[in-house]
Amino acid sequence: MSKVRVVFFASLKERIGQSEYVVETTLPLSIGDLKHLLARQLSQGSALLEKGIQSSIDFEFARDSDTVTELVKEVAFFPPVTGG
Amino acid sequence: MILVQEEDFHVDALYKRLLKANETGAVAMFVGLVRQFSDLPNEACQFELEHYPGMTERNLQTIVDEANARWPLLDVCVVHRVGRLSVDDQIVFVGVSAAHRAEAFQACDFIMDYLKSRAAFWKKESQGANSHWVEANDRDEVSLARWKP
């Protein structure tokens, strides 16, 4: 088992009720599978499965099909961005 | 230059930074501001801008690199504020200097379009005790489509 640090932002952080979480899992794992794992472990985790939730792996935008490996330091989940 | 900061910025100082002696033929600049979003008095409306330290700066650098790859630019300057903001405050500055106006205008427009949809910032509006996160606008994605090859 490996540990993956996961961080949340904006409305997703508020809904989940925490800004970060460390999940123990077997790697490699896809972002999509990680979402489902977190949805089961976190009380409000189903928010992660809603349409439009975006992700990043080590500060680069990621897709559900992208892989989280042992080398990854941080995965983030967040709603669509609204800057500018 | 790319800056993500709480402090306000001075357009005149940023403009001077963009000028390259003997080379600059055009400077295009865009400033985004907080506008009134309800009928309540100004002081009742507040904005909070959240970002993802480490990722946001990287997103902006990627966008600026892409602009530099598409057009011959002399310099690019992006400043985006975070934290608490009020109505009429400046939020974002994008400035581009080039030899000619066409590339300066286009690159400035391109950078703002990508910044809206591909940089980790989130806006929250509040009025008194009520607050809500701003939802992404479909038009921003449509606007991005203009730049697809």
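Which residues of α3(B) are buried? That was my opening look-up today, in a model that is predicted.

**Entry 1: helix α3 of chain B**

I found E103(B), A104(B), A107(B), C108(B), F110(B), I111(B), D113(B), Y114(B), L115(B) and K116(B) to be the buried residues of α3(B). The list holds charged names such as E103(B), D113(B) and K116(B), so I made a note to see what they sit against. I then checked the helix itself: α3(B) covers residues 101-118, which is 18 residues. From first C-alpha to last it reaches 25 Å, close to the 26 Å expected at 1.5 Å a residue.

What do the buried residues of α3(B) pack against? I get five elements of chain B, namely β2 (26-33), α2 (55-70), β4 (73-81), β6 (90-98) and α4 (138-145). Two of these are helices, and I took them in turn.

**Entry 2: α2 against α3 in chain B**

I reminded myself that two packed helices are described by the angle between their axes and the distance between the axes. For α2(B) and α3(B) I read an angle of about 150° and axes 10 Å apart. Angles over 145 degrees count as roughly antiparallel, so that is the label for α2(B) and α3(B). The crossing of α2(B) past α3(B) is right-handed.

Next I listed who makes the contact. From α2(B) come N59(B), L60(B), I63(B), V64(B) and A67(B). From α3(B) come A107(B), F110(B), I111(B), Y114(B), L115(B) and R118(B).

**Entry 3: α3 against α4 in chain B**

How do the axes of α3(B) and α4(B) cross? They come within 9 Å and cross at roughly 135°, which makes α3(B) oblique to α4(B). Here α3(B) passes α4(B) in a left-handed crossing.

On the α3(B) side I noted D113(B), Y114(B), K116(B) and S117(B). They meet D140(B), E141(B), S143(B) and L144(B) of α4(B). The class count is two nonpolar, two polar and four charged residues. Y114(B) also turned up in the contact with α2(B), and D113(B) and K116(B) were on my buried list.

**Entry 4: where the chains touch**

How many residues of chain A are in contact with chain B? I count 13 residues of chain A, against 20 residues of chain B. On the chain A side, α1 (10-16) and β7 (75-78) are the elements that give two or more residues. That side has eight nonpolar, five polar and no charged residues.

- A cis peptide bond joins L27(A) and P28(A), with omega about 0°. I placed P28(A) in the loop between β2 (20-25) and β3 (29-30) of chain A.
- D58(A) is not a glycine, yet its phi is positive at about 45°. I found D58(A) in the loop between β4 (54-57) and β5 (60-62) of chain A.
- N22(B) has a positive phi too, near 75°. The loop that holds N22(B) runs between α1 (11-18) and β2 of chain B.

Are D58(A) and N22(B) exposed or partly exposed? D58(A) has 15 C-beta neighbours inside 10 Å, so it counts as partly exposed. N22(B) has 4 inside that distance and therefore counts as exposed.

Technical notes: Residues numbered from 1 in each chain as written. Chains lettered and ligands numbered in written order. Predicted model: local features only at pLDDT ≥ 70, side-chain atom pairs only at ≥ 80, totals over all residues. Contact = placed C-beta atoms within 7 Å. Helix = DSSP H or I, 4+ residues; strand = E, 2+ residues; numbered from the N terminus. Expected span 1.5 Å × (residues − 1). Buried ≥ 20, exposed ≤ 12 C-beta atoms within 10 Å, placed from the backbone. Axes fitted to C-alpha atoms, helices over the stretch in contact; angles between N-to-C directions. Parallel < 35°, antiparallel > 145°, perpendicular 65-115°, else oblique. Left-handed = near helix turned anticlockwise from the far one by under 90°.
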